[in-house]
Amino acid sequence: MLSIHDLHVRVAEAEIIKGLTLDLPAGEVHAVMGPNGAGKSTLAYALAGRPGYEVTAGSATYDGEDLLAMTPDQRSAKGVFLSFQYPLELPGVPGLTFLRTALNAQRKARGEDEIAAPAFLKLAREKAAALKIEFDMLRRPLNVGFSGGEKKRMEIFQMSLFSPRLLILDETDSGLDIDALRVVADGVNAARAPDRAMLVITHYQRLLDYIRPDRVHVLAAGRIAASGGPELAHALEREGYDKYAPLGQGSGGQAAHLSAEAPHGA
Amino acid sequence: MSLASALKTGDIAELPSRRDEDWRWTDLRGLIRTLPAASPPGDAAALERGLFDDQATETIVFLNGRRLSGVGPVVVAAGVPRTIALRFVNQAHATAHHSALSIAVEAGAALTLLESHEAAGAAYVADVELNIRLGEGARLERIVLVDEADDAIAVATAEVELGSHADFAQTALTRGAKRQRCETRLRHGAGAAARLDGVYLLDGERRGDLTSEVIHNHLGGATQQLTKGCVRGQARGVFQGRIIVARGADGTDARMGHHALILSERAEVDAKPELEIYADDVSCSHGNTVGALDEEALFYMAQRGLPDAEARALLTEAFVGEVVDRIEHEGARDVARAWVAERLRAAQ
């Protein structure tokens, strides 16, 4: 579904992603883990098309199309959803107004009919109830005055409302207590489907106890330094990221890759 | 010196110019080289429906400066509150006219005034002078919607005098013109309350000017003022707000806020908030900000599928919506909200 090849991304004159290659087939959940500064959020933003994140080389193909040639709203209409690490507050814009305008903009871009207000409200009520979101919260300006956990829950709510096909979760676990984490993870797990793929970006292994990935990739110094099964996340939890990106050295990746692929005992 | 006196006397030297401190950003003398001829009466049969027709029970129309029905001042007596639509229609082409009306809201009476300044012509010069008096405990809410032609020059001035414990609320919304100014001069009564809000939405080469002067001469008056503006293209917005608290006007509470969004590199906003306080026991504050739309918020909205123009319109609408939401008359609030939304989307 998503095929990234030799991607290079520059932000404000600094190259952050340096030749990243990753294949994410439909129906799979892949985790991208890495230390702070490895380029995790940069990868997420580049895939979503954030201005200022300049792709200098490489490609990203989504459903056979050139993802990087699309504007951010076109990517959204095609089913790309980025759950933000820090969801934005929109003062004066009621949540429901924003969501209906956004959903209809996506539908219009896909050549579908607009969803009428009553049908939208019914849909929003159902999805909110499933995520234990008080409906009154949706009438308030989006995310304004919400706690970190409430904002993340609103992201998952939007995700379930828009039914995207490619989900990118950027540090969705940050700022969540264990109960909120469970609600968010349940929402994400409910979204698993054969025609849907997810990229779960996280620093900690904790989230992966709830959202079990098919593959785990270690992102260090702008590249995938290692890839493996779910057990790789546990190894990282025990051993840390140190061996993947020794400061000042760009060549540690290969050795790390070998050790990561080696079987780990219980 | 005023546009009104220049039109009356035909003397161009009567026009306010940049040498007048209060007119330095809206220099009419430098703009008008010769005064245009007087406007013809206009064709009343060609009048379109007014924006506030559905909200009001009475309508007063000025067409090219001539009042179509009734004479003399509008007097509102205590009893049943009244809602009047007041229309200033400019059906003129490169001509000039002046309209004047006095409104008295007697003690204990209540009036909602839904005022529209409408373009049905081009390149005209229009002046409107209102004289508003509120008796003791009287109430007036005035909504002013200024929708002039882009090559018009238009000035609307209101002199407002409040009796003791009177309550005056005003929201002026303008899209500017070649030059357009809404000026309000208000004198407080003891314990009176005033709300003086404004919205300017300017694009192209339009200029809009919201100027006010509020004088607290008595005990315990309250003024709240919130103006928000949005400029793009090569438009230029002006906000001048002066609040004077005279010696002895203790217990005055005055708050002024002006906030503007500049949405293009060549647009400009000039703001001059002034508080002159000569009394000791007062509570006054003012805030003034000028900024741009939040790029991060725009990206967030785009990520959720909103095309850039739609995202900008939604954020801008939310920004000025704070002022529109303060309109008390529900029908007028809806008209104002729809007008703002239409303006913001048309200008993209």
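In chain B, strand β11 (residues 179-187) and strand β13 (residues 207-216) pair in the parallel sense over seven bridges; strands are DSSP runs of E of at least two residues, helices are runs of H or I of at least four, and both are numbered from the N terminus. Two strands count as paired if DSSP finds at least two bridges between them. B:R187 has B:I215 of β13(B) opposite. The model is a predicted one, in which local features need pLDDT of at least 70 and side-chain atom pairs count only at pLDDT 80 or more, whereas totals for chains, interfaces and linings use all residues. Residues are numbered from 1 along each chain as its sequence is written, and chains are lettered from A and ligands numbered from 1 in the order in which they are written.

Both strands belong to an open sheet of eight strands with parallel pairing, in the order β3-β5-β7-β9-β11-β13-β15-β17 (chain B). Its edge strands, each pairing on one side only, are β3 (74-76) and β17 (268-277) of chain B. Direction ignored, neighbouring strands of the sheet are turned by 10 degrees against each other on average, with axes fitted as lines to C-alpha atoms and angles between N-to-C directions running from 0 to 180 degrees.

Strand β7 (residues 125-134) of chain B has eight of its ten residues buried, a residue being buried if 20 or more other C-beta atoms, placed from the backbone, lie within 10 Å of its own, exposed if 12 or fewer, and partly exposed in between. Strand β5 (residues 96-105) of chain B runs parallel to β7(B) and is joined to it by ten bridges, with B:H98 opposite B:D127. β7(B) also pairs in the parallel sense with strand β9 (residues 153-162) of chain B, over ten bridges; here B:L134 has B:L162 as its bridge partner.

Beyond its neighbours within four places in sequence, B:A336 is in contact with B:I143, B:L145, B:L173, B:V324 and B:I327, contact meaning C-beta atoms, placed from the backbone, within 7 Å.

Between the chains, 20 residues of chain A are in contact with 16 residues of chain B. On the side of chain A that touches chain B, α2 (72-77) and α3 (95-109) of chain A each supply at least two residues, and α3(A) has the largest share, five residues.

Definitions and conventions: Two residues are in contact if their C-beta atoms, placed from the backbone, lie within 7 Å.
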